Amino acid sequence: MAEKIESLESILEKHIPEEDLHFVKKVLYGKELRKLELSELAHSTALETNLDLKGFAFDAEPEDLRPPRIVRVGLVQNAIVAPTDAPISKQREELHKRIREIVSIAAECKVNIICFQEAWTMPFAFCTREKHPWCEFAENAETGPTTLLCSEPAHKDFGHFYGSSYVAAPDGSRTPGLSRLKDGLMVAEMDLNLCRQMKDKWGFRMTQRLSLYADTFYWAAQPDFAPPIYYEYSQNTAKPASQ
């Protein structure tokens, strides 16, 4: 059986000479990010629970009048745990157990905001069908078991799947991806000043025309909307040509 590819980074680091690897990563990621020093406990727990743990920092340029605004985000990727033919309650229970493990590691990494993947409480079935039994995974947004799970005090601190999750910054730089083969937690430390610095650099707010955009979208959203067609008459023919 062919060897499974752990990640793009593993291939690059295995086959590209060290002197060229820095340039390749700059092309792929925009710039080489500073690695975070995560605790030994976080790394050892991740190893014990078969979790791919990585941490990087998006630094902004230092400013004279405004201190850095640092926030740590935890990006979670996870596979299902119980088979899809198990009872719905069992599938959700096993996923909750797995997420508890990952969130505990995120708390150890001093994560402030944690981001789960889409529809993480169930197998991703909606791309093929929206019917029984998958709709049983629906919950009350206020009192459902997943809401209660995410409200637990311990969380306030903070098969093969696609994986390769990463975090991108407003300057176009990004972290390396997580593993393609197992669950992962990407810890990204961000200086929110970078958002304003990029807005100032690109000048989007200087040239934006929000009222014009709003009028155009409102007009295009009307039930009787018909796109305008403009005609040009060629010198050689009297027939109109639409553009």
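This is a short talk on two helices, helix 2 and helix 6, in a predicted model.

Some conventions before I start. Because the model is predicted, local features need pLDDT of at least 70 and side-chain atom pairs count only at pLDDT 80 or more, while totals for chains, interfaces and linings use all residues. Residues are numbered from 1 along each chain as its sequence is written, and side-chain values use heavy atoms, with hydrogens and water left out. Helices (H or I, at least four residues) and strands (E, at least two) are DSSP runs, numbered from the N terminus.

Helix 2 first. It covers residues 18–29, twelve residues, and spans 17 Å from its first C-alpha to its last, close to the 16 Å expected at 1.5 Å a residue; the expected span is 1.5 Å times one less than the number of residues.

Which residues of helix 2 are buried? They are Leu21, Lys25 and Tyr29, where buried means under 20% relative accessible area, exposed over 50%, and partly exposed in between (1.4 Å probe, protein chains only). Down the axis of helix 2, its buried residues fall within an arc of 40 degrees, so they line one face; the arc is that of the directions from the helix axis to the C-beta atoms. These buried residues pack against helix 1 (8–15), with contact meaning heavy atoms within 4.5 Å. The face turned away from the buried side of helix 2 carries the exposed Glu19, Phe23, Lys26 and Val27. Just after helix 2, Gly30 has a positive phi of about 90 degrees.

Now helix 6, residues 193–202. Asn193, Leu194, Gln197 and Met198 are buried there. Viewed down the axis of helix 6, its buried residues fall within an arc of 130 degrees, so they line one face. They pack against strand 2 (52–58) and strand 5 (184–191).
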